[in-house]
Amino acid sequence: MSLLDVKDLSIRYAGSAKPVVNDLSFSIEAGQSLGIVGESGAGKTQTAMAVMGLLPANAVTGGSIRFDGQEFLSAAPDILNRYRARRIAMVFQDPMTALNPYVMIGDQLRRILLEHKICKSAEARERTLAMLQRVGLPDAERQYGVFPHQLSGGMRQRVMIGAALLGEPDLLVADEPTTALDVTVQAQILGLLRELRSQSNTALLLISHDLGVVAGNCEHMLMMDNGRMLEEGPTQEIFAAPSNERTARLIAAAPRIDVPTKTTPLPAGVAPIIEVDKVSVSFREGRASGKRQLDAVRSLSFTVAPGETIAIVGESGSGKTSLARAIVGLIPMRSGAVSYAGKKLPGLVQSRPNAIRRQLQMVFQDPVTSLNPAMRVAEIVAEPISIHEPKKKKAEQEQDVNQMLRHVGLGIELRERYPHELSGGQAQRVAIARALVVRPKVLICDEAVAALDGTIQSEILHLLQAEQADTGLALIFITHDLSVVRQISHRVLVMYMGRVCEVATNERMFKRPQHPYTKAMISSVPVPDPGAKPAEVPLAGEVSSILNPPAGCPFHPRCQHAVARCSEQVPELESTASGSVACFRANELDLGY
Amino acid sequence: MLRYALLRIIGAIPTLLLVIALAFLMVHAAPGGPFDAERVLPPEIEENIARAYNLDESLPQQFLRYLGGLVRGDLGPSYRYRDYTVAELIGNALPLSMQLGVLAMLLAIVAGIAAGLTAALSKNSFVDRLVTGIAMTGISVPVFVVAPVMVLVFAVYLHWLPASWTGGTDISRLVLPVVALALPQIAYIARLTRASMIGVLSSDYVRTARAQGLKTSSIIRYHALKPAMLPLLSYMGPALAGILTGSVVVEQIFGIPGLGQFFIRGALNRDYTLILGIVIVYATLVISLNLVVDLLYGILDPRIRRQ
Amino acid sequence: MSYGAAIRQILRKSGDNKTIVVCSSILLLIAAIALLGPLLSPHHFASTDFENRFMLPSAGDWHLFGTDDLGRDLFVRTLLGVKVTLFVAIVASCVSLGIGVAYGAIAGYVGGKVDAIMMRAVDALYALPFIFFVILLMVVFERNFLLIFVAIGAINWLDMARIVRGQTLSLKQREFVDAARLIGVSTPGIILRHITPNLFGVVVVYMTLTIPQAILVESFLSFLGLGVQEPQTSLGALVNSGVSTMERAPWLLLIPALILAVILLCFNFLGDGLRDVADPKEKTL
């Protein structure tokens, strides 16, 4: 008998005829790992919730979910509670909201032990401390009394995993456990999960939208689309020979960093269209404990040529978004200057003349909130025209709008819609239309595809690349996603805690990174290929607090190649044969693949 | 945390001063003087009276004199009740009003929380709808409607309780006024508690607790109760303000010689010092309570306590 | 531009919500009766009739609600009371709407120190039993009808200011405001075209909650004898006089009290229902 046996599962919500999960069947044996993959809306989380018995009251279910013989779907809560924590446990996606902000993390764990009478009160504290240590929280005694908001994202997720494994369950359900984390931290957490599982032979049901994560962590795989199962079987087999056409397409569309880029190199010697010269951005953080200065960006310089795509990569705390907003003039710079076509620009966007303002446009991360909910699509795209070309007649404006909508791949029947009536992909196209309608020379994309699913993401990226080929548009692409970088950039700039680590061409960066951080980041990205070499030892630790940056090179506390000098001096960005890098040991280290 | 506390305490003082200044200004800006209602007096006697009461000084001077008196606990003489100082009048009336107010607050808190929690835990059931409906009525029907109706029903028709302050025993004559005063607050608190608890019960961290196999009573006790009660703490300031306002009506209807009654009489008699004194007492009470609430919040909410 | 769309959308969604439909119908019905009723009844609200004091409600002779201590017809007086109460409440609410929205939008949009100071002021004022200041004002400046509006508006704008400021703040942080700045929209343009249309929903909801508050304040003042003057009357004043003759003629208290309660209940339920329909936290509008 399987550990978990799901047969013909269907889930529907009262008031809606369309099921969110339909006819789903799969099973998990003891000690096995199954990854459920699919895009958003596929029904993966619903399935996980059903398995745990956590569906809301208005959910109507059909079929059967059997755990070790016990039927879960119709079971009473007190029966389910006997299984929870001790036989089956769950790790949720967002550890910030999944942990109780009002209770100490130690107490939250201890409560599980006491509730299930796993041990007596005195022993419970000991066990909790032991688990905190096991999941990698340094100084467990002190961490016991800490509250969730005092921990970083990675640490919180470790606490969640610790809580889940406290009862020594046979099956661990993990719903997008690393999606909210930086890629280097993701590697740590996935490594932790692998290690803990191997120690206790716990089965794993892993939900993810990321084929790479599933490829590297699950022996079996189930692909879902629109509530239905597309394909199921051993991971290696599915990747090697998907039997379903849609599966094949999804696998092919999955962004990867190990394929060569398709961007063509640019002609040399062209004057840059944007010059960023020693720009620093700081914030005053005011709290009850007094104001402090946060240096988000520190003396950063780079250039962009017309028609070029430069990707600015970094994880949380890198300062990339602050940099983007400073370049475009939404926030003030503390020092330094930004030039457009050789002319220095005033710091704030309000002070820039209209003729210049229209040349630098931006597309934001969340497509729906970047559009005014009170305005229709046609009005949104028409507004820039009415400001920059006020003389244009209404009819001409309309034509421009329609043309632009078609240009970005939207039918003009969407003209009268409001933003909340659009899908994520459609909304982002409207945002792009709005940005491009005044024909800017530079477009900054701040995580513009991060909120979109794989296939839509691809389409948007292609749209941008096509635009670039047509009009010579320069793209500054801010992202944390290395596979996106691989796909579209000519050059890459890596940021860490407000400074540049490395600048290089796309090809060179991924083949022969020069900075240890770059290397660590690239190694951490899970590749959607089960046969790929397993990840090396992931980068340890997390980004230091921006309020208290380390002396010397900001990366040195986590760097395995650090020497004494690294903690004393800040390395400057220096040109080498293949780009620039800010590391004292760049010449000695060979970090290539 | 200490800084937070100090800032709050220091911040309360200007507020109090502002209130005193505003009230002072308004009272003195009124056309006519405190003695206008009486017989018209010959000018020399008017001057004498003015000097005796320091009304001939400039406004800022009078204000400073008043503040000085405040610090010493002297709220000035009553313009109406010549034999008494304002402090004495307030001293007599305050304990009664406090008794009413405190009992009403306690009743409101206990009944409100009980009702709110019951409704939240049996969401959308008949009990829940009943409680919600009654609460809605409670906040919609004003005190000056409820109180007389209660008197009509319980005193006049049923003869269970006395209709006014002068009849009946100590306990029995407290019942109607306290209940009438507490009713709107019970309703607000019940609604607030219900909404807050429902919000907490549908939060992600409660979902985690369920996933961890905790039974409902454990979830409430160890995970939900504290976060659900915090918004209630913030409401205590407005609750007190509401009770003070309501007490004016209740004292009027039941004929209770409390601060509310004196305020109305003072207002109608243009007894400026009395009005001023009562306003200051009320404001001090409310501001102090808000301060205590703020400090408690700082202690109880870990996100503020540990930066 | 999109105000029309906003209204239409709210109306459409409201039509589906039972509570909203029922409550608005009741209110409209009461308002209609208040306007038309006096045309049908032969009595005038001020005409006293000492022969027929304290009459019980009866259909004959159009004394549907009976007469009061001065022989005046209660039905007509109640309708007058409804008119006055609603009128005062709506006007006063508009006053507090104007002050509150302006204050809140400025505080929210300008932000920084200005916002901090403005909101501290609101916090301070919020804590006080404002009603006392109002009573002070009323007594001190005599019973000026206009002043009633000002006084009521002065109490109620605080809530509106807070809500509008909160909404403006959250709107300001939304990226579409940034996008507008990048496109080149001027600051007034942003406030007018981008922020204000999105305040609409929130404002409508809170208006329906401000109105009952205003009614309560006005009734309170009338109850204390500080509101509208005889022979004009409001529901609060009617309740006040009803209290004094409570034992002899309970209907003089109960009927106006009941109508007042119904009006307040309807507005409160309406406000709650509207808040569900145009949830300001999710999609603004």
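# Close-up views of a predicted model

Figure 1. Asn226(A) is partly exposed, with 16 other C-beta atoms within 10 Å. Burial is a count of the other C-beta atoms within 10 Å of a residue's own: 20 or more means buried, 12 or fewer means exposed, and anything in between is partly exposed, with the C-beta atoms placed from the backbone. This is a predicted model, in which local features need pLDDT of at least 70 and side-chain atom pairs count only at pLDDT 80 or more, while totals for chains, interfaces and linings use all residues. Residues are numbered from 1 along each chain as its sequence is written, and chains are lettered from A and ligands numbered from 1 in the order in which they are written.

Asn226(A) sits in the loop between strand 9 (220-225) and strand 10 (228-234) of chain A. Its phi is positive, about 55°, although Asn226(A) is not a glycine. Asn201(A) also has a positive phi of about 55° and is not a glycine. The loop that holds Asn201(A) runs between helix 8 and strand 8 (203-208) of chain A. Asn201(A) counts as exposed because it has 10 C-beta neighbours inside 10 Å. Helices (H or I, at least four residues) and strands (E, at least two) are DSSP runs, numbered from the N terminus.

**Figure 2. The two domains of chain A.** Chain A splits into domain 1 (4-253) and domain 2 (274-506). The bounds come from an automatic or database domain assignment. The C-alpha centres of domain 1 and domain 2 of chain A lie 36 Å apart. Where they touch, 7 residues of domain 1 of chain A are in contact with 8 residues of domain 2 of chain A. On the domain 1 side, helix 8 (183-200) and helix 11 (245-253) of chain A are the elements that give two or more residues. By class, that side of domain 1 has 3 nonpolar, 2 polar and 2 charged residues. Two residues are in contact if their C-beta atoms, placed from the backbone, lie within 7 Å. Ala, Val, Leu, Ile, Met, Phe, Trp, Tyr, Cys and Pro count as nonpolar, Asp, Glu, Lys and Arg as charged, and the others, Gly among them, as polar.

**Figure 3. The largest nonpolar core.** This core has 346 residues. It draws at least three residues from each of domain 1 and domain 2 of chain A. Those with the most contacts inside it are Val173(A), Ile312(A), Val381(A), Ile444(A), Ile275(B) and Val239(C). A nonpolar core is a set of buried Ala, Val, Leu, Ile, Met, Phe, Trp, Tyr and Cys residues joined through C-beta atoms within 7 Å.

**Figure 4. Val381(A) and helix 14 of chain A.** Which residues does Val381(A) contact, leaving aside its neighbours within four places in sequence? They are Val401(A), Met404(A), Leu405(A), Val430(A), Ala433(A), Arg434(A) and Val437(A). Val381(A) is one of the buried residues of helix 14 of chain A.

**Figure 5. Chain A meets chain C.** Here 23 residues of chain A and 18 residues of chain C make the contact. Helix 13 (354-357), strand 16 (360-363) and helix 14 (377-388) of chain A each supply at least two residues of the chain A side. Helix 14 of chain A gives the largest share of that side, 4 residues. The chain A side has 11 nonpolar, 7 polar and 5 charged residues.

Figure 6. Chain C has 10 helices and 0 strands. Of its 285 residues, 51% count as buried. Among contacts in chain C with a separation of 6 or more, 71% join residues 24 or more positions apart.

Against chain B, 31 residues of chain C are in contact with 36 residues of chain B. Helix 4 (112-127), helix 5 (130-140), helix 8 (187-223), helix 9 (235-244) and helix 10 (251-277) of chain C each supply at least two residues of the chain C side. Helix 10 of chain C has the largest share, 8 residues. This side of chain C divides into 28 nonpolar, 2 polar and 1 charged.

**Figure 7. A helix crossing in chain B.** The axes of helix 4 (residues 86-121) and helix 10 (residues 259-268) of chain B come within 8 Å and cross at roughly 135°. The two helices are therefore oblique to each other. Leu89(B), Ile90(B), Ala93(B), Leu94(B) and Ser97(B) of helix 4 make the contact with Leu259(B), Gly260(B) and Phe262(B) of helix 10. By class, this contact has 6 nonpolar, 2 polar and no charged residues. Axes are lines fitted to C-alpha atoms, for helices over the stretch in contact, and angles run from 0 to 180 degrees between N-to-C directions. Under 35 degrees counts as roughly parallel, over 145 as roughly antiparallel, 65 to 115 as roughly perpendicular, and the rest as oblique.
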